Each structure stands twice: as structure tokens, then as C-alpha cells.
Amino acid sequence: MRAHPIRYLSIAVVSAAMLSMAACSSASDAKPQAAAGAVDLSGACPADIVVQSDWLPGTEQGYLFGLLGPDVTIDAASKIVSGSLYAKGEPTGVKLEIRSGGPAIGFTPVGSQMYADPSITLGYVSTDDAIRNSANMPVTAVYAPLEKSPMMIMWDPATYPQATTIADIGKTDAVVGYTSSYTYMSFLTDTGVLNPAQVDGSYDGTPANFIAANGTRAQQGYSSSEPYQYENELPQWDEPVAYQLVHDAGYPNYQNPLTVRSSELNGLSSCLGLLVPLLQQSEIDYYANPGKVNSLLVEAVATFNAGIQLTAAEAKFGATSVLQNGVVSNGDNDTIGDMDEARVQKMIDITVPIFQKLGIEPAAGLKPADVYTDQFIDKSLGLSDGAN
């Protein structure tokens, strides 16, 4: 089973009355589906577009939540947020259902969940996972909201003041904690960026070992959350951390692109041709003004009452830091959400030998076109120069 690290580490402190109010008000205010406005998806798309995410709501999903209209329902029991799918301020004639992953689905990998549940239209499957499961559960990415993965290795800059890269940490005696199911670590150790003897795959997402090591331990995390948490929300640490993105260490994985089951790509093409540009525009709009959507993300996490929290301050940090780090950008062109063929080929070249060593055989002769397509991307849509 592929475990996801626990990204939001603090225990949620929200009164039962507040949770009840949030859950009831969201659900009771639901309205019947309105007729489509300027953008009509009802003839081309499923009546309910179901998206399976890999975790609970967070800022990397802001573009999805930005498509929800005023009739939002937050289902605390099922960890689902749903409502009419809106574009240009008007309904599109279909519903959008955003399903949480991770603990909400027993940590089942999203690709496996997609093949177990045919009601799922789109799911978050990272490129390395798509390659891993390409023989038996093939998926095709149609939209990449993240130009770089926010996955990072972080360390204490006071203990390692000369370290600016993961490779620098590899030259120290620091133990590097990570979650053993992630493929990137095999790349880092196989290429000598880190010493195999210094990595520890027992990281469970909690800060206990990092804090107990008093600065001598490095650890994986997400650049959009842990740097803020450790400096501002963990009084046991209460100091900045330094980090480098795994992407910038040579592992150019596309994290959490929206994918479809490959056999359904042609059947969904009419829908995707209309929907993907809406995703692009929604992502542009979210990063231009994330406040309203962030409030919904914070409300949803609080209502779910899953023992974790997303604070308004952390959500603001998350939406800002991804732009600063290039996690969200147009990449090397003027378009948001597209993918690069050479980069996907590089991921195939990197990961296929790793999987084969583990006894996993990806599809024979796998090509980038088997893993992604840009055919639905509107090349005219991208972040402005100020945001990119």
C-alpha cells in the first residue's frame, strides 16, 4: 500500500458546535441543479464529474474548489465536497464532486481506487505511479496543475549552515527520514545524491523524530506546508527550516496531474475539450485571488474533523509559496497545465529500471504518449507575468 505522508500535523481544535453548524449549513443550503449558462457541459460530460484526490483539501487543489458554485455541500462522513460546477460565474449544467483521499479511502492509491470505482471520472496519479502501474492500471494525464512537485527534503539551517542542496546533506552524517513507498528516494540513493546508509524509510508524517534529533535529522515534506508549520505552528521547534525540492535534485516528477483511465480517454474527449480549459482558467483565477477558495478549504478540513487542521494562515502560505518556488508556473512556455514530452520520457528512463529491480514490470515499450496528452490544453491560457 502506498502511504501518503501526513501533511498537516497539528491537531484540529474546533468546537463541536462549530463543526455541526458548518456541516449543516453547507448541506442544507444546497439548491437544485441550475440550467447551464455560457459554458454548457451537460451534453458532453457526465452529470456528476467525480474527482478522486490523494489527500484532504489543500491549496494545491484550490483550482478544483474554485469551480464550485454557491450550492456547496460538505459531507463530513464521506469527506466529500460537492456542488454545481460553475464557469464565468454561471452553472455549466453538471455537478462536481471532489473526494478526499489518504485516510478518507484507507490510504488506497488513487490509481487503484479509480479502477475499483468506475464512478470516478478523474483522479490524481503522479507520473511515477502512472509508470509503475502502466501494465495493469493504465491512466493518462490530461492536466498538470503543478509544474514542479512540492516534495522536498528539509533540514535545520543552524546545524547545517553550509547546506543549500540535498546533495550537500548527502555529504553529512544526517539521517534523512522519508516514507518508504516513494520512488524518488531510490533515485537519490542510486545516483549518489544521498548515501543509502543515511536514509530511514520509517517517516510517518509526524514531527517527533525530527524534533527529538535536535537539528541533526533531515526529513521529507512539502514546501507548501511544513516550512510554515515548523516555524509557526510547532512550538517544540519554532524555527525556520531549509530545504530543496526533490524536482531540483534531478527527479522531475509531475505530481498529481488529473488523469483518466486510459481506455476512457476517447470517450471523454468531448468533455475534456471543454473541461480542461475551465481547469486552466480556474487555476489562474485562484492564484490571482485565493482568499475565498482558501476559506472553503479551511472550512472543509475543519468540518471533516479528521484530527488534522488547515489554518487560514497556512493556506495563505501554501498559495503564495508555490508561486515563489515555481511549483506552480507556466514552465518554459506561456501555458499552464501542459506537460513536457522530454520530461516524461526522462521519468520513464529513471523509474522503469527502479521498478524492475523491485520486480514490477511497467508496460513494455512505454512511451510518453501512453502516460499523458496535451490535446485538451488551451495554449493561450497561462499565469500572468506577475504571478508566474
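Reader: Is Glu 341 buried or exposed?
Author: This is a predicted model, and Glu 341 has its place in helix 12 (residues 341-357). A residue counts as exposed when its relative accessible area is over 50%. Glu 341 has a relative accessible area of 52%, so the residue is exposed.

Reader: Which residues does Glu 341 touch, not counting residues up to four places away in sequence?
Author: The C-alpha atoms of Glu 341 and Val 371 are separated by 9.8 Å, although the two are 30 residues apart along the chain. With residues up to four places away in sequence not counted, the residues touched by Glu 341 are Pro 368 and Tyr 372.

Reader: How many helices and strands does the chain have?
Author: Buried residues make up 56% of the 388 residues in the chain. Among contacts between residues at least 6 apart in sequence, 80% join residues at least 24 apart. The secondary structure comes to 12 helices and 12 strands.

Reader: What is the strand order of the sheet of 7 strands?
Author: This sheet is open and its pairing is mixed. Its edge strands, each pairing on one side only, are strand 2 (73-75) and strand 6 (139-143). Neighbouring strands are turned by 30° against each other on average, direction ignored. The order is 2-3-4-1-5-12-6.

Reader: Which strands does helix 10 touch?
Author: Helix 9 (residues 269-288) lies across strand 1, strand 3 (80-87), strand 4 (90-99), strand 5, strand 6 and strand 12, and runs at about 50° to strand 6. Helix 10 packs on the sheet as well, and its direction makes about 30° with that of strand 2. The strands touched by helix 10 are strand 2 and strand 3.

Reader: How far apart are the end C-alpha atoms of helix 10?
Author: Helix 10 (residues 291-304) has 14 residues. At 1.5 Å a residue, the helix should span 20 Å. The end C-alpha atoms agree with that, being apart by 20 Å.

Reader: Which residue takes a positive phi just after helix 10?
Author: The buried residues of helix 10 include Val 293, Leu 297, Ala 300 and Phe 304. Residues three or four places apart in an α-helix point the same way, because there are 3.6 residues a turn. Just after helix 10 comes a positive phi of about 50°, taken by Asn 305.

Reader: What is the strand order of the sheet of 5 strands?
Author: This sheet is open, with mixed pairing. Strand 9 (199-200) and strand 11 are its edge strands, and each pairs on one side only. The order is 9-8-10-7-11.

Reader: How many residues of strand 10 are buried?
Author: In a regular strand the side chains alternate between the two faces of the sheet. Strand 10 has Arg 217, Gln 219 and Gly 221 on one side and Ala 218, Gln 220 and Tyr 222 on the other, and both faces are covered. The strand (residues 217-222) is therefore largely enclosed by the rest of the structure, the buried count being 6 of the 6.

Reader: What is the bridge partner of Val 176 in strand 10?
Author: Strand 7 (residues 151-155) runs antiparallel to strand 10 and is joined to it by 4 bridges; there, Ile 153 has Gln 220 as its bridge partner. Strand 8 (residues 175-177) pairs with strand 10 in the parallel sense over 3 bridges. In strand 10, the partner of Val 176 is Ala 218.

Reader: Why does the pair of Phe 187 and Tyr 251 count as tilted?
Author: The whole structure has 8 aromatic pairs. In this one the ring centres of Phe 187 and Tyr 251 are 5.6 Å apart. Planes under 30 degrees apart count as stacked and over 60 as edge-to-face. The planes of Phe 187 and Tyr 251 are at 40°, so the pair is tilted.

Reader: How many residues apart in sequence are the parts that the pair of Phe 187 and Tyr 251 ties together?
Author: Phe 187 counts as buried at 11% relative accessibility, and Tyr 251 is buried with a relative accessible area of 3%. Phe 187 lies in helix 6 (residues 184-190), and Tyr 251 in the loop between strand 11 (242-245) and strand 12 (258-261). The pair therefore ties together parts whose separation in sequence is 64 residues.

Reader: Over the ring of which residue does the charged end of Arg 343 sit?
Author: Phe 210, Tyr 230 and Trp 237 form one aromatic cluster. The charged end of Arg 343 lies 3.6 Å from the centre of a ring, and that ring belongs to Tyr 254.

Methods:
Residues numbered from 1 in each chain as written. Predicted model: local features only at pLDDT ≥ 70, side-chain atom pairs only at ≥ 80, totals over all residues. Heavy atoms only, no water. Helix = DSSP H or I, 4+ residues; strand = E, 2+ residues; numbered from the N terminus. Expected span 1.5 Å × (residues − 1). Buried < 20%, exposed > 50% of the residue type's maximum accessible area, 1.4 Å probe, protein only. Phe/Tyr/Trp six-rings, centres within 6.5 Å; stacked < 30°, edge-to-face > 60°. Lys NZ or Arg CZ within 6 Å of the ring centre and 35° of its normal. Pairing = 2+ DSSP bridges. Axes fitted to C-alpha atoms, helices over the stretch in contact; angles between N-to-C directions. Contact = heavy atoms within 4.5 Å.
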